[in-house]
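Work through these exercises with the sequence and the model open side by side. Try each task before reading its solution.

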2 protein chains.
Amino acid sequence: MAQKKTASPRQTTAKKRTARPRKFVYFFGEGKADGGAHLKNLLGGKGANLAEMAGIGIPVPAGFTITTEVCTYFQKRKSYPVGLKKQVETAVRKIERAMGAKFGDPKNPLLISVRSGARVSMPGMMDTVLNIGLNDRTIQGIIAKTGNERFAADAYRRFVNMYGDVVMGVRPRTEKEHDPFEEIMDRLKADRGALLDLDLTADDLKLLVRRFKALVKRRLRRPFPEDPYEQLWGGIGAVFESWDVPRAVSYREIHGIPGDWGTAVNVQAMVFGNMGDDSATGVAFTRDPATGENYFYGEYLKNAQGEDVVAGIRTPQPLNRAKKVPRGVKTLDREFPRLYKQLDGIRLKLERHYTDMQDVEFTIQQGKLWMLQTRTGKRTALAAVKTAVDMVTERLINKATAVLRIDPETLDQLLHPRLDPKAAPKAVAQGLPASPGAGVGQAVFSAVDAEAWAKDGQKVILVRHETSPDDIRGMNAAQGILTSRGGMTSHAAVVARGMGTPCVAGCGDIHVDYTKERFVTKGGVSVKKGDWITLDGAKGEVYQGQLPTIAPTLTGDFRTFMGWVDEFMKLGVRTNADTPHDAAVARSFGAEGIGLCRTEHMFFEGHRIDAVREMILADDEKGRRRALKKLLPMQRRDFIGIFEAMAGLPVTIRTLDPPLHEFLPHTKAEINDLARKMKVKPRKIADKVADLDEANPMLGLRGCRLGIAYPEITEMQARAIFEAACAVTRKKKKVLPEIMIPLVGHVNELKRQKDVVIKTAEAVFAEQKTRVDYLVGTMIELPRAALTADQIATEAEFFSFGTNDLTQTTFGLSRDDAGKFLPSYVAQGILPHDPFVSIDVDGVGALVAMGVRKGRATRPKLKIGICGEHGGDPMSVAFCHQVGLDYVSCSPFRVPIARLAAAQAKLMEKQTVERDV
Amino acid sequence: MAQKKTASPRQTTAKKRTARPRKFVYFFGEGKADGGAHLKNLLGGKGANLAEMAGIGIPVPAGFTITTEVCTYFQKRKSYPVGLKKQVETAVRKIERAMGAKFGDPKNPLLISVRSGARVSMPGMMDTVLNIGLNDRTIQGIIAKTGNERFAADAYRRFVNMYGDVVMGVRPRTEKEHDPFEEIMDRLKADRGALLDLDLTADDLKLLVRRFKALVKRRLRRPFPEDPYEQLWGGIGAVFESWDVPRAVSYREIHGIPGDWGTAVNVQAMVFGNMGDDSATGVAFTRDPATGENYFYGEYLKNAQGEDVVAGIRTPQPLNRAKKVPRGVKTLDREFPRLYKQLDGIRLKLERHYTDMQDVEFTIQQGKLWMLQTRTGKRTALAAVKTAVDMVTERLINKATAVLRIDPETLDQLLHPRLDPKAAPKAVAQGLPASPGAGVGQAVFSAVDAEAWAKDGQKVILVRHETSPDDIRGMNAAQGILTSRGGMTSHAAVVARGMGTPCVAGCGDIHVDYTKERFVTKGGVSVKKGDWITLDGAKGEVYQGQLPTIAPTLTGDFRTFMGWVDEFMKLGVRTNADTPHDAAVARSFGAEGIGLCRTEHMFFEGHRIDAVREMILADDEKGRRRALKKLLPMQRRDFIGIFEAMAGLPVTIRTLDPPLHEFLPHTKAEINDLARKMKVKPRKIADKVADLDEANPMLGLRGCRLGIAYPEITEMQARAIFEAACAVTRKKKKVLPEIMIPLVGHVNELKRQKDVVIKTAEAVFAEQKTRVDYLVGTMIELPRAALTADQIATEAEFFSFGTNDLTQTTFGLSRDDAGKFLPSYVAQGILPHDPFVSIDVDGVGALVAMGVRKGRATRPKLKIGICGEHGGDPMSVAFCHQVGLDYVSCSPFRVPIARLAAAQAKLMEKQTVERDV
């Protein structure tokens, strides 16, 4: 009986499935929609938002979305699931009803577009096919409906060109070959003596259509499809296939988008912005995506197709005069005042609906406004922070939402250097302020060069007429991007803002010559490949040479925002700083202490290295002590400076860590130099270098092993710390030194070094007649330390996870050597990400969690932090919050990022708890 | 109420403690004893056995033992616990009663000895003081009692000499100075024209006593103590202090004896073997400690002190004629037939009582036999095995006891090479067969040289008149020991047997000249420092040059014993073997399969390295495949050989592991050579070498990372394996290949490589129209692999712990570099032992246990082994048994050791279980 009971509902479900086939197609239009924004994973961002817009009564050309599930299916089997064909045909008939036209009808033809739409926007990465449904018969209907033969013929030649290229693959066959369609067109233009495309007549364009079709037939030995449905399926297939073209794959790699998400396909009725002067097309943001200012920001082109705006070939006009507009330039609010008002209303409706800044595309077809797309607008960090702060003031969102809304990683942009205003440079050219920040680099004129030069460690500015999706890797490698054409929403501008790279776009002041690899400004300044230039992306200015920059500060909206961050965060954020300067910078960004002060960096300063080398070359303890005595006052001064800069906040100081050979010269010439300087025989130094040489220095005589071999080094460092602490204490200032022993693998190592520290502390306190509170703890940076954390905690008063080394040893992976294969591991998906960037939760993370659990089992109130570079990585910060660390420590400029990540981790936890309740 | 109940018994105990002070002194004598063998930790081996002997009615001079607890107390505070003094005095009075003499009585004086006695025997390492109680008054009593003035005076001068040296520290003050006591004696002998000590008269000896006392007073500015109790306490203190003298500390280091065990002190009535011709002293073993043969084995000296036998200065006489005795040599059974019979009876009583072979010391004082010591006899492995097997036959012990009794590590001795009998060499000298085995090395004449030469990688034979405890380190470093003096129980013989080092002792055929650093045989052959000689420790023969040796085999008692081992062991034992020869050897020692076959070792053979280098230098996959094609038939041949040698037992083959630069030359000359040979420019090779250079090769491009970068390598290796397996299968022989992917850190790495292996297998099976069963598994040798073993087990069909690398990464310790500090870590007690020798249970062991648990959670029947060098270390084998591994794998010659360790682990577990039940 029991078995029957459980068995029967299953059978019913199975029957139901057979009865109602899976829904692959979601219709939208006429104020209704099958889907909505909540179905983003299934319908992609674009499709979900088209459905959402249609659902809230915004005028959207009717259409339907084929789900991402179909893409995944298609990727695996190169075929479509059963039932899709019928669903698509039904949906096409719905579009016909909604738009009052018929697909393939020679009298009243419906034209449709096929567009990609993934979960997250991948601008320009995948294929699009427009004007599907055009053939030798339907063109007559278009001519009849528009009374514009040239428009119809132009649409037809665009369609055959695009379809022939994208769907049928008629392209240059070698790198040297020109585009075959363009070649045919160029030949005809030459024959006709035409300069521009616009100089060609309707008949010329029809002739082009014939020649294009002949080209296709010659190449593929089959005719260009005339059947509208055949065209449609070809377009759908091309979009699905474009998910896996190399440029899309590399975009996903850069942005961490999984390959199995797939794209949806949006099939939608065409509307035309190029049907004459009562038509236009535009792109807009509900707020300024560069600054976040709350005004309607956007551009349009009259009598143009939508792609023309984004492609950056013509420089478009602004929507309005909220910002200064050059003399003679027209704006939408003056050219189409009624439609501008309607559009502005839609802007406000969308922001209220989505409670976030939107990026929209619109088309005006013969006086009617259609919205083609809305999505969350990409913005600079500056804009993101301002928008978040403003929207809280406007009561659109609350503080928690504001804090959760900003990707911590993007704050990095606000921490980029700006041009030093005191330098007061004179710009040599002025363009659009497309993406803020100061970019300093050597000019290069191709994305390939940009990538190659950057790989060699050079800083470059990529200079192009305009950029295209193929340039993505080069753009990512550049310090800044400068284009001579295109507007604020051009490819270069959008992508640069997404990457946080400074960009000056549409800089008509310069003439770019790819062949000579140089550009010349209107003022006659010539900049050739390799010359240094500087961009001010916030002002849109270009300068010659390398201009001085200044460090960023935490002010204005950013300060307000970080104040809210502090209200939510539980995990503390400290900084890794080795100098009073770094310490002060980090404090200004909100660091609550120093989590790692590396004393060895101090050893390289000025003449100190001489004393260090003298110590290393000493034959015995006496000689070492003599040299250490010279270092003592210098280290003491360092610590006094750091203690004063941190004003009573805890300062974790790590004793000497690197292998001693790092302090010695290695080439013959350097050795001879040093020998002269030290008045010893070069042989002696060479012998010492050879003696200290190690097969695997990462796993050699370093960390506490040094301090155990030469306790006098630890003793000197401890003495410098305690003498400094006493000196600062005497000035009635608070000091909180935490002495950290590195590379401990066995509790006995820590015990030995702790004994030296305590003994030295007591000696100094007695001499100075002052006492200072201090802690002695250890780095947990070896697997064995984590595994035996319970034992180590009997001696350690705090732990700090050194996840750089812990990652190296846990993976058995030398960071110095991994460059040869680790990138390929990530690219191949063997590892989900670089474990030196984001903590490896399953492996290294398991050791961290174990270390915390075992450490606190012995010493329940054990203070635990992390001081590897993961401390500044948002994903890793979230992990640190989850496993219950007390603080993370990161480089000064990543402190705000870590703070935001910490606050988000806490908020997410709260949300999870609330969801669970 | 409940509280009261638990509280009251505690109070009672506390009261009792106050009432009865701690017992520090244990008396024995007159057929009674406070202690016994069960109190070994407290009384030391010697004390416990003296008590035990006294308890079973064996004639033992009365005495008492001061416990090891007092030593520990003394070490820490340099003072004695309260109550000791009174207990000692009471015990002295008991001795007086038992022996019928009085301590310090001028008429009937009692003389006593003070000797060390740790838990385990440390022969000759610590101090001893004899004849305590002698002074200018008591000597008269001794003369009166013995009627032998010369004997008394001799005892007195020995006492003052020994006490002055050992207790009062009157010794040479510089290395060049002679012993001051000896110098005085030599001067007197010169004055008297005496050749031997025996030529001195009683008056001469008395004069020596006076001069010795004057020497002490001159040096120390205080007189030699006359008070017997003062003498006694001085002696006790000297013995406790000698626990920490350098030679004792280094002995403990070599033998792994903890410093905090401490030594007991045995205070015992003196008996004299030098009271005339009715006196003698001897050392005996109840069976032959070199061969294990069951006859009464030992030596004695008539009219001699006990120390004379062990010190090896006079060559003593055998107890009996069980073995051939040189003409003219007398034996105890003929000289003292009655006492020999009594002694032989005691021998049997002791063996029955202890059920083990005993090492005894005895003294005959004026016709009365006294037993001074019994302890478990040190023996060679050969003797240990024979004794164990014989005692099972004799029904003294059962098989389990036999198996538990033998230290697995000592079996190594049976696996040492023997001299090849076919070589039929002619000995140049004949000595005593003191410790078996063949020793081949260069002659050196001091322990210091032996240690230094061995450190430089040279093989040495230490040649000495006799050895002393100061020579321990040199003896340990030598391949063999040759002494011109001393018997089978001399220091050299006992220590060499303990170490398993071949030794020819008492070789009167040679004359050793330390000054000229050479020895000359009776036959006139001269051997100087650095000349090669060969020892046959089993025959006691010395040969010139390096003689050929042959590998050991498993035969006779050893085979019988290993048969019993097999009855008890549960853990399997495989071998690490890369050649058919090694595989065959290991099988003959009982290996149940190959646990690790390193394919890269094959790459170095003959001309193969050329093809390997061609592969490395290839510019592309095509070039690599061309080179790999040349390697394929060679690897296939290797595997056919190995599969046939293992005859159906499983063979685990590891794919290529080391970084490629290991196969390339590195010096300029080598590079030029190779360039000529390969007909490429040296630059090309040098560039490749530079390109492959790594900062930390241990953590670089190696293991499966190679196979992922160059799948064609894995493919070739898999093809060689499967083609070989098919070839052997076709001959109707069974094959069980297990392909092991090294250095896996993430399951995806294994998955990729497994895919290559499976694809290749299917291709080969299709080509060959044969199928072969096989497994694909992985090394667990990175912490991350152990931490994510559950994930890895989804792909792995077996695990093999590579504990060498796992130890390196867990500790962050490069084996190549650790030599600089690891020995000092062990010496300082920071680490309890070298983790590369015995597995680090807390750290590495925790990962192994985790790997087993997680791996079996995913795949309950997962086969798991270990193939690091720990697989041959008994302590580690026990650990492997405990955590439930299926097998260990070790080098062929350690297979019997691992098997014995496995059997013992199982037996110990059973005992634990039985104890718990």
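Which residue is the bridge partner of B:Gly29 in E2(B)? The partner is B:Lys32.

The model is predicted: local features need pLDDT of at least 70, side-chain atom pairs count only at pLDDT 80 or more, and totals for chains, interfaces and linings use all residues. Residues are numbered from 1 along each chain as its sequence is written, chains are lettered from A and ligands numbered from 1 in the order in which they are written, and side-chain values use heavy atoms, with hydrogens and water left out.

**Exercise 1. Trace the neighbours and side chains of E34(B).**

Step 1. Start with strand E27 (residues 572-576) of chain B. It pairs with E34(B) in the parallel sense over four bridges. B:Arg574 has B:Ser889 as its bridge partner.

Step 2. Turn to strand E33 (residues 863-866) of chain B. Two bridges join it to E34(B), again in parallel. B:Ile866 stands opposite B:Val888.

Step 3. Sort the side chains of E34 (residues 887-890). B:Tyr887 and B:Ser889 point one way, B:Val888 and B:Cys890 the other. In a regular strand the side chains alternate between the two faces of the sheet. All four residues are buried, that is, under 20% relative accessible area with a 1.4 Å probe, protein chains only; exposed is over 50%, and partly exposed lies in between.

**Exercise 2. Describe the interface of chain B and chain A.**

Step 1. Count contacts, meaning heavy atoms within 4.5 Å. 46 residues of chain B touch 46 residues of chain A.

Step 2. Give the area. About 4000 Å² is buried between the chains, and carbon and sulfur atoms give 55% of it. Buried area is the accessible area (1.4 Å probe) that two parts lose on being put together, summed over both.

Step 3. Look for salt bridges: a side-chain nitrogen of Lys or Arg within 4 Å of a carboxyl oxygen of Asp or Glu. The count is two. One of them links B:Arg784 and A:Asp840 at 2.6 Å, N to O.

Step 4. Name the helices. Among those of chain B that each supply at least two residues to the side touching chain A are H28 (747-768) and H33 (844-858).

**Exercise 3. Is A:Thr809 buried or exposed?**

Step 1. Locate A:Thr809 in helix H31 (residues 803-811) of chain A.

Step 2. Read the accessibility. A:Thr809 is buried because its relative accessible area is 0%.

Step 3. List contacts beyond four places in sequence. They include A:Met698, A:Glu781, B:Pro783 and B:Thr809.

**Exercise 4. Compare B:Glu517 and B:Lys732.**

Step 1. Check phi. B:Glu517 has a positive value near 50°; for B:Lys732 phi is near 65°.

Step 2. Check accessibility. B:Glu517 is partly exposed at 26%, while B:Lys732 is exposed at 78%.

Methods
Two strands pair if DSSP finds at least two bridges between them.
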